[in-house]
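User: I am new to this structure and would like to learn how to read it. Please take me through it feature by feature.

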Amino acid sequence: MKKQPSLSERFNISDSDINRFWSKVNKDGPTPVHVPHLGSCWIFSGGKTRDGYGAFYLNGRNHPAHRVAFVMQKGRIDEGVIVMHDCDNPECVRHLSAGTQADNLADMRAKGRQRYCGPKKPMTGDLHWSKNPKNKDALRSLNEKVRQARINHPELFIRGEKCHFAKLSEADVLSIRSRALAGEKRALMAVEYGVSVTVIGNVITRRSWKHID
Ligand SMILES: [Zn+2]
């Protein structure tokens, strides 16, 4: 992991920075399913870092928004401290706690958390690869990295309904497969479950949800 600059002395947050920060925060975010007692996530809706964290421009550079929020709450981040998300939602600036890299890895293992359960890049508008071939190359190399990571570090990847992006449950998957065997149309099931025909097709052909039989 790349070393984060110590924020304690770099941070000089003016009142207008604080107002600017909170104007980008939506306090009606989702409630994390595995820790509902924490209440709703506060989602940073400004820019994003490449890792999916919120990015807040301050003192001439972008900082991960959750680290900025942590400094606003606690005054500083000590050297070597990682600000962790108790809710596992990288966009959240509410459910934060301090830990070490060892804590972070242990937490990831315990929760079977992964960082790449869903699409990393929006594939719409100008970002769509058909509008700019460079985006296609970038996405292809990103997907290749994710594929390699899945092979080399399967413990970091969660699957199925634990994934934040999953719309289907394991029961849905079993039902879709048996209904497909019975000859039911993919398009009808897609409408019923609120997903695309491709998603239904991937479930049936086991390109997705491979771990469910
Ligand atoms: Zn949260």
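**Reading the model**

Analyst: Start with helix 2, where Ala-65, His-66, Arg-67, Val-68, Ala-69 and Phe-70 are buried. This is a predicted model: local features need pLDDT of at least 70, side-chain atom pairs count only at pLDDT 80 or more, and totals for chains, interfaces and linings use all residues. Residues are numbered from 1 along each chain as its sequence is written.

User: How do I read "buried", and what share of the 213 residues is buried?

Analyst: Count C-beta atoms, placed from the backbone: a residue is buried if 20 or more others lie within 10 Å of its own, exposed if 12 or fewer, and partly exposed in between. Here, buried residues make up 18% of the 213 residues.

User: Which elements do the buried residues of helix 2 pack against?

Analyst: Contact means that the C-beta atoms of two residues, placed from the backbone, lie within 7 Å. The buried residues of helix 2 pack against helix 1 (15-23), strand 2 (43-44), strand 4, strand 5, strand 6 (82-85) and strand 7 (96-99).

User: How are helices and strands defined, and how many does the protein have?

Analyst: They are DSSP runs, numbered from the N terminus: helices are H or I with at least four residues, strands are E with at least two. The protein has 7 helices and 7 strands. From the N terminus, the order is α-β-β-β-β-β-α-β-β-α-α-α-α-α.

User: In what order do the 3 strands of the open sheet come?

Analyst: Two strands pair if DSSP finds at least two bridges between them. The order in this open sheet is 3-4-5, with antiparallel pairing. Strand 3 (47-48) and strand 5 (61-64) are at the edges with a single partner strand each, so one side of each has no neighbour in the sheet. Strand 4 (residues 54-58) and strand 5 are joined by 4 bridges. Phe-56 has His-63 in strand 5 as its bridge partner. Helix 2 (residues 65-74) packs on the sheet and touches strand 4 and strand 5; its direction makes about 65 degrees with that of strand 4.

User: How do I read a helix pair, and at what angle do helix 6 and helix 7 pack?

Analyst: Axes are lines fitted to C-alpha atoms, for helices over the stretch in contact, and angles run from 0 to 180 degrees between N-to-C directions. Helix 6 (residues 186-193) and helix 7 (residues 197-204) pack at about 110 degrees, their axes 8 Å apart. That makes helix 6 roughly perpendicular to helix 7. The cut-offs are under 35 degrees for roughly parallel, over 145 for roughly antiparallel, 65 to 115 for roughly perpendicular, and oblique for the rest.

User: Which residues of helix 6 and helix 7 meet?

Analyst: Arg-186, Ala-187, Met-189 and Ala-190 of helix 6 meet Val-197, Ile-200 and Gly-201 of helix 7.

User: Is Asp-88 buried or exposed?

Analyst: Asp-88 counts as buried because 22 C-beta neighbours lie inside 10 Å. Arg-206, also not a glycine, has a positive phi of about 65 degrees. Arg-206 lies in the segment after helix 7. With 13 C-beta neighbours inside 10 Å, Arg-206 counts as partly exposed.
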